[in-house]
Amino acid sequence: MAKNKDNVSVENASVEQKKPAKPQKAKKADKNKKPNIFVRFGRKIKETFSELKRVSWPSFGKTLKSTGVVLGIVLIFVVFVTAFNSGFGALLELITKWGA
């Protein structure tokens with residue numbers, strides 16, 4: 001058994017340096033190829049429905065209560081914004097009449 005300068009047997013080195021056959025590269029290229037748009041779209045729809053099955057949906061009562069809270073807060077903000085708008089409008093009108 002012959003040894004090279006790194007004290008590795010030449011027989012083992014020749015086994016390690018063997019390269020895989022070319023047909024495997026063709027398989028690798030097929031794996032990297034993207035499926036067409038319809039297949040990808042179908043998979044996405046399937047994944048979406050699968051995910052929606054796992055969602056814990058709130059009850060109807062809880063949804064109704066949350067909707068009422070949101071509408072109440074929006075109504076309060078509408079009242080405040082309208083009040084500030086009317087107040088600033090009156091103030092602007094007072095200022096413009098005072099200067100004229």
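Does Leu-91 count as buried, partly exposed or exposed, and at what relative accessibility? At 44% relative accessibility, Leu-91 counts as partly exposed, given that buried means under 20% relative accessible area, exposed over 50% and partly exposed in between (1.4 Å probe, protein chains only).

**About the model.** This is a predicted model, in which local features need pLDDT of at least 70 and side-chain atom pairs count only at pLDDT 80 or more, while totals for chains, interfaces and linings use all residues. Residues are numbered from 1 along each chain as its sequence is written, and side-chain values use heavy atoms, with hydrogens and water left out.

**View 1. The whole chain is helical in its elements, with 4 helices and 0 strands.** Reading from the N terminus, the order is α-α-α-α. Helices (H or I, at least four residues) and strands (E, at least two) are DSSP runs, numbered from the N terminus. Of the 100 residues in the chain, 2% are buried. The chain's accessible surface comes to about 10,200 Å², and 66% of that belongs to carbon and sulfur atoms; the areas come from the Shrake-Rupley method with a 1.4 Å probe, and for residues only the protein chains shown count as cover.

**View 2. Helix α3 covers residues 37-53.** Its 17 residues reach 25 Å from first C-alpha to last, close to the 24 Å expected at 1.5 Å a residue. That expected span is 1.5 Å times one less than the number of residues. At the start of α3, look for Asn-36: a side-chain oxygen of this residue reaches to within 3.2 Å of the backbone nitrogen of Phe-38.

View 3. Leu-91, the residue we opened with, lies in helix α4 (residues 60-99).

**View 4. Here is the structure's 1 aromatic pair.** Phe-84 and Phe-88 are stacked, 6.3 Å centre to centre with 20° between the planes. Rings of Phe, Tyr and Trp (its six-membered ring) pair if their centres lie within 6.5 Å; planes under 30 degrees apart count as stacked, over 60 as edge-to-face and the rest as tilted. The two Phe residues are separated by about one helical turn because Phe-84 and Phe-88 are 4 residues apart in helix α4. Phe-84 is exposed at 55% relative accessible area, and Phe-88 is exposed too, at 56%.

**View 5. The structure holds 2 salt bridges.** Each is a side-chain nitrogen of Lys or Arg within 4 Å of a carboxyl oxygen of Asp or Glu. In one, Glu-51 meets Arg-54, with the closest N and O atoms 3.4 Å apart. Glu-51 is partly exposed at 46%, whereas Arg-54 is exposed at 60%. In the other, Lys-97 and Glu-93 bring their closest N and O atoms to 3.3 Å apart. Both residues, Lys-97 and Glu-93, lie in helix α4, 4 residues apart, or about one turn of the helix. Lys-97 counts as exposed at 59%, and Glu-93 as partly exposed at 44%.

Terms used: A polar contact is a pair of N or O atoms within 3.5 Å; within protein, one must be able to donate a hydrogen and the other to accept it, and residues adjacent in sequence count only if both atoms are side-chain atoms.
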